[in-house]
Amino acid sequence: MSTVSGPSNAAPPTSVGSKEIGPTKLLEKVVSGQGLAAQMAANPNKAEEYGVGDVAPIPPLGATSSPVSALATASTATEINASPKVGKGQPVIGANPTNGPLDRVRVDAGNQVLTTNQGVPVADNQHSLKIGLRGPTALEDFILREKITHFDHERIPERVVHARGSAAHGYFESYQDLSDLTRAAPFAQAGKRTPVFVRFSTVAGERGSADTVRDVRGFAVKFYTDEGNWDLVGNNIPVFFIQDAMKFPDLVHAVKPEAHNAIPQASSAHDTFWDFVSLMPESTHMLMWIMSDRAIPRSYRMMQGFGVHTFRLVNAEGNSVFCKFHWQPIAGTHSLVWDEAVKIAGADADFHRRDLWEAIEAGAYPEWELGLQIFTEAQAEQFGFDVLDSTKLIPEEMVKVVPVGKLILNRNPDNFFAETEQVAFCTAHIVPGIDFSNDPLLQGRIHSYIDTQLTRLGGPNFHEIPINAPLAPVFNNQREGMHRQAIHRGRADYEPNSLGGGCPFQAGMKGFTSFPEPIAADKVRGKAELFADHYSQARLFWQSQTPSEQAHIVSAFRFELTRVQTPAVRKRVVSMLVNVNPILAEEVALGIGIDVPPAMPLASELPIPEYEHSPELSLMFRPGEIGIRTRRVAILIGTGVDAETTKAIYAALLNEGAVPRLVGTQLGKVATSDGSALDVEISSEASPSALYDAVVVQANALDDRNRVKNARTLEFLRDQYQHCKPMLVIGDGPTVLAKIGVHQADTTDPSFVHTGNQTLALALDTFIAALAGHRSPARETEAIPPTV
């Protein structure tokens with residue numbers, strides 16, 4: 001049920017190999033949609049559009065067809081999945097509720113608590129948040145800034161990063177009652193479900209860039225809680241390049257296309273980026289992550305997410321602990337290799353977007369487990385690093401990650417612009433029970449995100465756009481401004497008031513209250529001394545990678561620095577790497593043709609902490625728990641294939657939840673060995689090797705007589721082998737390897753399976769087991785000629 005191509009002339013499908021409601025509804029949508037389109041072979045009114053002589057035509061009644069199923073005209077087969085945010089899952093056909101009476105948007109605050117625009121109850125509407133009763137006002141006072149900012153933009157008239165993204169609806173379900181730690185609504189009781197909208201994105205590229213570029217991936221979750229919206233706005237990497245928000249504009253300017261020629265797009269492989277980071281050695285840890293395979297994930301469904309910063313959890317009694325947020329994918333952590341990522345960018349720039357959409361439509365709902373690292377201020381003081389430093393993580397050996405709930409995405413958006421494009425995430429959107437730490441990068445983000453939305457979404461009322469609107473009711477005295485939707489009754493738009501009966505009234509201690517952290521210090525600009533350790537955790541990351549992952553990091557540094565034109569910048573970067581690991585520095589220097597320079601001077605004389613190996617930092621640590629569900633398998637077919645074997649393999653893979661496709665050199669029917677025929681589902685031209693997780697091929701079906709077709713098939717197989725993916729050969733495997741230029745010295749490769757020495761059933765079981773895990777990196781040492 002792919003979103004690309006299909007048989008050229010075949011009957012509609014009758015089964016998807018599953019009786020689950022999701023796949024069944026998808027089948028109903030596809031079949032009824034095809035049937036609806038088939039009812040109109042041509043435009044029956046076309047001839048009536050033209051006049052005769054000087055006589056104008058009479059406009060005909062528009063031609064229509066009636067669908068067998070309402071799903072035929074639906075945006076998504078997942079519209080049946082209901083939630084308090086998206087609705088009952090039963091849209092009214094032929095209706096536009098936005099044209100209904102204005103009663104639907106009239107607001108009355110009688111007997112209601114005062115809230116922010118996110119529906120968060122306001123405890124104190126009289127005072128701004130200050131550092132001491134006579135101290136300065138805190139930048140983090142999001143209630144004050146929302147109120148003032150809205151007022152500033154009340155009169156008419158008067159995404160830089162994360163521009164390219166994909167999103168979906170779903171829910172978060174709490175495993176247990178966490179009220180001893182936090183009063184946050186999503187964690188109030190075991191089994192409680194909170195609707196969410198999640199957006200994944202690249203960071204550096206523009207909207208038209210490719211999905212598979214080397215980049216950080218955004219992982220933003222909007223919780224529509226009982227007490228307002230909470231936005232957990234994170235990335236797929238737990239640390240960041242900089243330590244203070246003051247440097248964020250500089251970082252983004254440096255990584256974006258260079259100012260004089262707007263080149264390159266969605267790439268860090270250029271002078272300005274490396275010039276900047278080589279003068280900011282605190283970026284070293286993040287550079288290790290971004291040069292690793294973490295920066296080219298296989299799928300949004302197969303990457304971790306992190307809140308990055310240290311946050312506070314606050315319970316009803318006002319007690320607080322520190323916390324870091326982790327999203328762990330149930331499908332495991334899987335990546336692409338660079339050559340594969342580049343080829344995918346050319347073959348399907350929407351690879352990640354398509355993957356997420358198709359998985360949800362087919363009922364293979366992506367899942368993550370939310371884990372918390374919880375620690376006290378006393379514990380934090382004992383760490384060898386500062387928990388307010390966003391270039392540092394807390395190794396799981398020091399503070400374990402405790403699972404507290406699961407996230408499931410089960411509904412695609414109906415309209416990309418209205419939902420995915422207009423959704424506004426802001427780190428300032430928190431709810432009672434969640435609070436900020438003094439992380440200086442987080443403190444700046446609290447202002448930056450909401451300020452950006454004012455320009456991007458046309459004014460201060462972006463919270464009224466449906467996808468951004470909280471489920472919690474909104475009552476406050478903010479009025480007017482561009483694109484205002486609510487129609488407020490009465491004349492009292494201030495507080496306190498008597499003309500409106502004092503409503504809406506502030507919530508007191510039932511509303512949001514900031515943790516009363518005691519602070520007695522001078523107003524200064526600078527960083528704490530522990531922030532000066534720039535290399536210890538970069539070393540930890542390097543030493544925790546497998547040899548294959550380390551080799552990929554070296555290759556990434558070489559690629560990026562080779563594209564840098566300025567020798568001094570290259571040298572400066574390698575001098576940073578000397579402080580990480582001498583072998584890393586030597587290998588990178590060798591690859592760009594320079595001698596290893598002296599180590600970059602350290603920024604502090606404090607001893608550099610030493611860490612043990614941390615297996616959790618390797619992608620290989622998490623193979624996943626879903627087997628081969630959603631894995632894409634190309635079954636290459638050509639003249640003379642065995643039809644029964646092909647169908648048996650197809651059925652077996654489908655039964656395990658994989659996504660097999662019959663791939664040929666062109667669309668049409670392929671004659672099989674028994675005289676029947678198989679329909680090619682997609683051609684290898686339209687769907688090359690890089691788009692698949694594995695391949696199946698029958699050795700006797702390689703078309704040696706047609707050199708063009710044979711070369712295309714061999715190229716497909718060669719890429720599968722070079723990209724270390726599972727391969728199943730029906731027949732003698734070494735013969736097929738020899739045809740693509742490989743002579744295996746080691747025949748124990750568990751990901752290369754053939755029936756030359758075992759039954760089809762046993763070979764298929766072995767192949768499925770290999771497909772369920774990580775790719776086979778040992779093949780990277782094999783020398784394969786570029787052509788055969």
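Me: Which helices each supply at least two residues of the lining of the largest cavity?
Reply: In this predicted model, α12 (547–562) and α18 (760–771) each do that. The largest share comes from α12, with 3 residues.

Me: And how much space lies in that largest cavity?
Reply: About 270 Å³.

Me: How many residues line the largest cavity, and which lie nearest its centre?
Reply: The lining has 23 residues. Nearest the centre are His334, Ser335, Gly773, His774 and Arg775.

Me: What is the lining of the largest cavity by class?
Reply: There are 8 nonpolar, 7 polar and 8 charged residues in the lining of the largest cavity.

Me: OK, the second largest cavity. How much space lies in there?
Reply: The second largest cavity holds about 160 Å³ of space. It has 19 lining residues, and Pro238, Phe306, His326, Leu393 and Ile394 are the closest to its centre.

Me: Which strand gives the most to the lining of the second largest cavity?
Reply: Strand β8 (residues 320–329), with 4 residues.

Me: Which domains does the lining of the second largest cavity draw at least three residues from?
Reply: Domain 2 (165–468) and domain 3 (534–621) each provide at least three residues of that lining. By class, the lining of the second largest cavity has 9 nonpolar, 5 polar and 5 charged residues.

Me: Switching to the backbone. Which residue does a cis peptide bond join to Pro264?
Reply: Ile263, with omega at about 0 degrees. Pro264 sits in the loop between α3 (248–255) and α4 (271–278).

Me: Now phi. What is the value for Val308?
Reply: About 70 degrees, a positive phi in a residue that is not a glycine. Most residues other than glycine have a negative phi. Val308 is in the loop between β6 (305–306) and β7 (311–314).

Me: Is Val308 buried or exposed?
Reply: Buried: the relative accessible area of Val308 is 7%, and the cut-off for buried is under 20%.

Me: Where is Cys724 found?
Reply: In the loop between α16 (707–722) and β19 (727–730).

Definitions and conventions
Residues numbered from 1 in each chain as written. Predicted model: local features only at pLDDT ≥ 70, side-chain atom pairs only at ≥ 80, totals over all residues. Heavy atoms only, no water. 1 Å grid on protein atoms, 1.4 Å probe; cavity = no way out; pocket = protein on both sides within 12 Å on 5 of 7 lines; lining within 4 Å. Points joined across faces, edges and corners; volume = space filled by probe spheres on them. Nonpolar A, V, L, I, M, F, W, Y, C, P; charged D, E, K, R; others polar. Domains from an automatic or database assignment. Buried < 20%, exposed > 50% of the residue type's maximum accessible area, 1.4 Å probe, protein only.
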